[in-house]
Amino acid sequence: MEKRFETQVINDEILEKLNLDHRYDYLNENLSPILTESQFAFLKEVQGFCLKFEEDNNITHGPNEDIYDWYPTFGNQGYITRQYSYKSIDLNYKEHGMAMDFMRILALDFFDPQFTMGSGATVICINPIQEHHDNIPIRLEALKELVTGKTPGCLLITEPERGSDAVHMLTTCEEQGDGSFILNGTKIFNTNAPRSKWAIAYATAEKNNGNLMGQFLINTSWDGWSCERVGIPWVSKLYIGKEKLENLKVPKEYVLAGIGKGRVHLFEGLVPERISIAVRGVSECWGALAYAIIYANMRRQFEKEILLFQGVGFTLTDLWAKTTALTHGILKFCEMYDEKMLKYEGKLPENISRALVALGSQYKYNCASLSKKVCYETANLMGGAGLCDNTLMQDYVNISRIQEIIGGSRQIQQFIMSRNLRNQFKNL
Ligand SMILES: Cc1cc2nc3c(=O)[nH]c(=O)nc-3n(C[C@H](O)[C@H](O)[C@H](O)COP(=O)(O)OP(=O)(O)OC[C@H]3O[C@@H](n4cnc5c(N)ncnc54)[C@H](O)[C@@H]3O)c2cc1C
């Protein structure tokens, strides 16, 4: 295995055993009993691709690699997203839906967690175009470029003064006589924005009025777009943006939702976004566990493998059992979501949609919280080796903390869930 950095901390024998191939073997041992044949086959297919890509390109996951260089190759294989089949752009992926996308994310996250988080941000740019392209050629062109990895994409909701309270945004959209709009305002923390050709942005006809929101597809080469990179050390390879939209003109065919419809579009995107974050959380748990379990079975102290000391072994069993349980839960959710989307041809009835919002929050809340615990505790069990840069453990620890903030913070998920408890009671 290629070393990430110059100074090797972990001995040759253990470092070799910690390679991607063995970590996938560990995952597959755990998941093969619960996956369907087609899920497992797709998981293995993506794993095979990642293994070959890593080897052929001597990927070390070290600081000098640009993860954005990998987009076209993964996009060509259809590994940027599998939430839909993308028939409208002639891709027609056989393996698609939330459960298949779970498999894609699992394989990619073991390969490189920062790349996987970045592709997740591209997916939340893709989804609104997929839902609302209305067969308009420029929208289909943007969709194809994003799905096939020609460019990353970004989603602009958050503003410097409106984070959790995203609906009361300050960025304005002013309708012109010809159906085009002029946008003005500042957005922040938008993953991939400095590297994206395409962005989806929300703005409102009246500041602080969430009912008057619109949704817009933007080509970032247009006049009126400027973007700086925001430093987020926990994901040092991702490009997060702060954008100024100054008299940015959006032509009519790029307007995905006119005034008043933006709010509905924003909420419809939240369930798949939160479920994808939850899936990434569980994938991080497995990734970190794979490292720590292999390590603890090989690392010897006091003349024994450290796994055999209860302080290590029993801590690992607790994290492993919790990860297994949550994996079963989120997989069941994904399968149920796919069934409902198929049955209702993508237009879910109001009561099911409402229930999914609460479930999306529950899973995002639980998976982000478990990931934070598992990634930190597994790194801790590896002692100094868990803190050094010879493995992906630092990426896991850092990203797991970010998952608790993006897509609505932990407290916002609790806020949504508690509102749901109130509504359920009112309906009794
Ligand atoms: C690495 C990274 C990537 C991101 N990617 C994107 C992206 O691609 N697109 C995008 O639009 N945004 C993105 N975000 C923004 C992210 O969604 C916001 O940071 C998040 O919603 C919180 O907003 P804020 O940072 O303004 O915090 P604030 O809203 O200011 O919250 C501060 C604290 O107050 C708490 N809080 C706020 N309101 C309540 C309440 N009602 N009840 C209880 N507690 C409350 C929060 O939980 C938090 O702990 C990203 C952020 C990061 C860090």
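I'll start at the ligand: β1 (153-156), β3 (181-191) and α13 (410-426) each supply at least two residues of the shell around it. Before going on, note that this is a predicted model.

The shell around the ligand counts 22 residues, and the ones that come nearest are I157, G163, S164, S409 and Q411. Sorted by class, that shell has 14 nonpolar and eight polar residues, with no charged residues. Where does the ligand lie relative to domain 2 and domain 3? Domain 2 (153-260) and domain 3 (263-426) both give residues to the shell, so the ligand lies between them.

Now the chain as a whole. The domain assignment gives three entries: domain 1 (20-147), domain 2 (153-260) and domain 3 (263-426). In secondary structure, the protein chain has 13 helices and 10 strands. Its radius of gyration is 22 Å, close to the 22 Å that the globule rule gives for 428 residues, so the chain is as compact as a globular protein of that length. Along the principal axes, the C-alpha trace spans about 80 × 55 × 40 Å.

Next, domain 1 against domain 3. Their C-alpha centres lie 18 Å apart. The contact takes 27 residues from domain 1 and 28 residues from domain 3. Which elements give two or more residues to the side of domain 1 that touches domain 3? Those elements are α2 (20-31), α5 and α6. Helix α6 provides the largest share of that side, with 11 residues. By class, the side of domain 1 that touches domain 3 has 14 nonpolar, 10 polar and three charged residues.

The axes of α5 (residues 98-111) and α6 (residues 113-132) come within 6 Å and cross at roughly 140°. The pair is therefore oblique. On the α5 side, the contact is made by I105, L108 and D109. On the α6 side, P113, F115, T116 and S119 make the contact. The residues of this helix contact divide into four nonpolar, two polar and one charged.

To recap, the ligand lies between domain 2 and domain 3, and the shell around the ligand has no charged residues. On the side of domain 1 that touches domain 3, α6 gives the largest share, and α6 also crosses α5 at roughly 140°. That is what I have for today.

Definitions and conventions
Residues numbered from 1 in each chain as written. Predicted model: local features only at pLDDT ≥ 70, side-chain atom pairs only at ≥ 80, totals over all residues. Axes fitted to C-alpha atoms, helices over the stretch in contact; angles between N-to-C directions. Helix = DSSP H or I, 4+ residues; strand = E, 2+ residues; numbered from the N terminus. Parallel < 35°, antiparallel > 145°, perpendicular 65-115°, else oblique. Contact = placed C-beta atoms within 7 Å. Nonpolar A, V, L, I, M, F, W, Y, C, P; charged D, E, K, R; others polar. Domains from an automatic or database assignment. Near = placed C-beta within 6 Å. Rg over C-alpha atoms; globule rule 2.2 N^0.38 Å.
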